[in-house]
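Dear colleague,

I am handing over to you the structure that follows. Please look through it first; an account of what was found in it comes after.

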Amino acid sequence: MIRRLFFGLFLAVLAVVLYFNPNFKTIAAGVAILLFGMIMLEEGFKVFTKGPLQNLLKNATNKLYKSITVGATVTALIQSSSLVSVITISFISAGLISLSGGLGLIFGANIGTTATAWLVAGFGLKIKISALAMPMLVFGIIFSFQKTKALKGVGNVLAGLGFFFLGIHYMKEGFDVFKEYIDLTQFAVSGYLGVIIYTGVGIVLTTILQSSSATLALILTALAAGQLEYENALALAIGANVGTTITAVLGSLSSNIAGKRLAMAHLIFNLVTGIVALAIIFPLANLVDYLANVVGIASNDYTLKLAVFHTIFNVLGVLLMIPFISRLEAFLIRFLKEKDVTAISISTPKYLNETILNFPGTAIYSLFKESRYLFKNAIFEIVAHGLNIHREDIKSGEKIKKIIEKSTEDMEVDVEELYYAKVKTIYGEILKYATTAQSELKLTKKQHKAVTEIKVANRKMVEIIKDVRELHKNVTLARNLNNPYLIKEYNSFRKKITKVLRVIYLFKEDSEKYANQLKRLKDEAKENVRQSNKSIDKLIRKDLISAEMASSLFNDYSNVNDINKKLIEVAELLYGNKDSLFENGNS
């Protein structure tokens with residue numbers, strides 16, 4: 001609500017300024033064109049995030065130096081720390097990378113953003129950039145209309161660069177015209193008071209523009225036009241760095257606890273970097289003057305000197321934080337605690353949140369994890385307890401015959417109640433996210449098939465619960481009727497399902513080793529459905545069970561084989577050789 005009010009106030013102020021001072025419109029248009037260019041750049045590079053870029057970011061997190069280097073390089077190339085932040089938060093939310101690996105990428109992204117200052121100061125303001133922007137726009141628009149995704153991506157990148165440079169051109173022209181009417185340097189404030197004031201202005205500007213790169217471009221063009229004092233520009237650059245964390249914080253609101261931790265880390269890092277830079281801003285400025293003299297930068301080339309300053313304090317921030325990265329991670333885990341799983345219902349999604357829908361790979365990975373979690377912590381329990389058997393006995397190495405013999409007490413479970421408490425809501429959430437992924441994300445055929453399999457597996461899990469509900473009633477009834485022949489038959493049914501549950505438990509741990517055994521049990525279940533149960537026929541002939549008991553047995557004989565078949569199919573869909581999909585499908 002506060003953000004909306006703030007944004008509305010900004011629009012109102014902007015409209016008033018444009019009305020009473022038309023000379024400002026060229027600068028405003030330049031900022032708007034530059035921002036549009038950055039949006040097109042991001043959209044263009046998103047085409048190439050559907051494989052190589054995401055895999056590069058994901059695989060670079062095993063070593064801190066690699067994640068920092070890759071984060072810096074990727075951000076410098078694609079000119080979007082926001083895109084890197086969004087990908088990183090999505091990966092952490094889906095559990096694809098660790099928090100420490102994500103921290104390295106974010107730290108590196110901060111260094112990568114310094115490339116914008118160098119691009120604008122060293123290139124955009126030194127030549128007639130509009131001459132280069134126009135051909136980029138022409139070819140970019142032509143390519144963007146092509147059907148091939150790669151060409152469309154290249155077109156968006158070229159057009160984005162064209163608009164970016166065109167925006168700089170208009171901003172520069174705007175300030176040149178603007179200074180004929182108003183000299184903004186009259187509002188310059190020297191000393192630490194000026195540093196604090198202009199740092200605040202930089203934070204507000206970046207919060208409004210949602211882009212530290214756009215803020216930096218604005219600062220550099222104003223500086224080049226002589227509308228800004230160099231000292232105040234340094235403070236604005238620090239403020240822009242702090243303000244850019246707003247994007248990460250907003251992006252984390254819909255993510256899980258891991259994404260929120262990363263956003264908090266980003267905020268802490270930029271705040272610490274900003275505070276340190278503010279504390280030593282004047283010594284840093286002196287260091288920039290010394291380095292500029294060494295490398296041959298003119299003493300009055302304030303735009304390049306600002307780029308040097310921006311790079312130095314960002315690199316300094318990373319160097320300061322590296323020794324404390326493990327402590328930072330521990331603090332974030334302690335400060336932003338994950339909800340106690342035992343205190344909440346399993347119906348609360350553990351891996352599903354809006355952030356995972358940013359990319360097909362994270363969506364599929366999270367859907368698989370949520371479905372597996374549901375199977376492990378709800379379906380497995382409901383089926384086992386519906387048979388009056390403890391899960392730990394199934395997981396143990398104890399002989400199944402002995403488990404059945406000792407499991408004679410009724411566990412008094414309400415299968416219907418367990419379904420509504422532990423399954424129904426999360427089943428609906430999985431279907432909602434799966435359907436959204438298929439309708440809104442650009443999935444490959446392999447990915448589309450994977451999502452369909454997830455939906456099928458979850459539907460079968462619900463069917464299993466309905467089947468177990470009927471079986472549980474009759475197992476309990478057989479126990480109460482105290483007919484030894486009836487109890488023996490139902491113990492045989494319990495033994496069949498328990499055997500399948502044990503093999504599935506082992507299959508989850510080692511799919512290759514137990515795949516054949518699971519297949520044999522599946523074939524056996526299919527074959528049993530077609531055949532009659534001879535032992536039941538014998539009991540009927542000898543009049544050892546009533547007609548009503550026989551009817552229940554025949555129904556449950558088919559029911560048991562159906563449960564086993566579905567259990568095995570769910571296990572195959574959720575656990576059968578999915579590693580290749582996660583390795584190559586994270587696009």
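Predicted model: local features only at pLDDT ≥ 70, side-chain atom pairs only at ≥ 80, totals over all residues.

Two residues are said to be in contact when they have heavy atoms within 4.5 Å.

**The chain as a whole**

The protein chain has 28 helices and zero strands. It comprises 587 residues, of which 51% count as buried. Among the contacts that join residues at least 6 apart in sequence, 79% are between residues at least 24 apart. The accessible surface of the chain amounts to about 27,300 Å², and carbon and sulfur atoms account for 60% of that area.

Lys496 belongs to helix H24. Setting aside neighbours within four places in sequence, Lys496 is in contact with Asn528, Tyr557, Val560, Asn561 and Asn564. Is Lys496 buried, partly exposed or exposed? Its relative accessibility is 23%, so Lys496 counts as partly exposed; the cut-off for a buried residue is under 20%.

The packing of the helices themselves can be described as well. Two packed helices are described by the angle between their axes and the distance between the axes. Helix H24 (residues 484-509) and H27 pack at an angle of about 0 degrees, and their axes are 10 Å apart. H24 is therefore roughly parallel to H27. Sorted by class, this contact has 17 nonpolar, three polar and five charged residues.

**Helices H11 and H12**

A second pair is formed by helix H11 (residues 212-224) and helix H12 (residues 230-243), whose axes come within 9 Å and cross at roughly 175 degrees. Angles over 145 degrees count as roughly antiparallel, and H11 and H12 are therefore roughly antiparallel to each other. On the H11 side, the contact is made by Ser212, Thr215, Leu216, Ile219 and Leu223; on the H12 side, it is made by Tyr230, Ala233, Leu236, Ala237 and Ala240. By class, the contact of H11 with H12 has eight nonpolar residues, two polar residues and no charged residues.

How far apart are the end C-alpha atoms of helix H16? H16 takes in residues 302-321, and at 1.5 Å a residue its 20 residues should span 28 Å; the end C-alpha atoms are 28 Å apart, which agrees. Of the 20 residues of H16, 14 are buried, so this helix is largely enclosed by the rest of the structure.

Thr273 is found in helix H14 (residues 257-279). With a relative accessible area of 3%, Thr273 is buried. Apart from neighbours within four places in sequence, Thr273 is in contact with Phe313 and Gly317.

Helix H4 has 15 residues and reaches 21 Å from its first C-alpha to its last, close to the 21 Å expected at 1.5 Å a residue. Its buried residues are Ser67, Ile68, Val70, Gly71, Ala72, Val74, Thr75 and Ile78.

Ala76 is found in H4, which covers residues 64-78. Ala76 is partly exposed, with a relative accessible area of 30%. Beyond its neighbours within four places in sequence, Ala76 is in contact with Gly112 and Ala115. The C-alpha atoms of Ala76 and Ala109 are separated by 7.9 Å, although these residues are 33 residues apart along the chain.

**Two loop residues with positive phi**

Most residues other than glycine have a negative phi. Asn388 is not a glycine, yet it has a positive phi of about 65 degrees. Asn388 is placed in the loop between helix H18 (360-386) and helix H19 (391-395).

Asp543 also has a positive phi, near 60 degrees, and is a residue other than glycine. Its place is in the loop between helix H26 (534-541) and helix H27 (547-575).

Which of the terms buried and exposed applies to each of these residues? Asn388 is buried, with a relative accessible area of 5%, whereas Asp543, at 64% relative accessibility, counts as exposed.

With kind regards

Terms used:
Residues numbered from 1 in each chain as written. Heavy atoms only, no water. Helix = DSSP H or I, 4+ residues; strand = E, 2+ residues; numbered from the N terminus. Expected span 1.5 Å × (residues − 1). Buried < 20%, exposed > 50% of the residue type's maximum accessible area, 1.4 Å probe, protein only. Areas by Shrake-Rupley, 256 points an atom, 1.4 Å probe, with all protein chains shown as cover. Axes fitted to C-alpha atoms, helices over the stretch in contact; angles between N-to-C directions. Parallel < 35°, antiparallel > 145°, perpendicular 65-115°, else oblique. Nonpolar A, V, L, I, M, F, W, Y, C, P; charged D, E, K, R; others polar.
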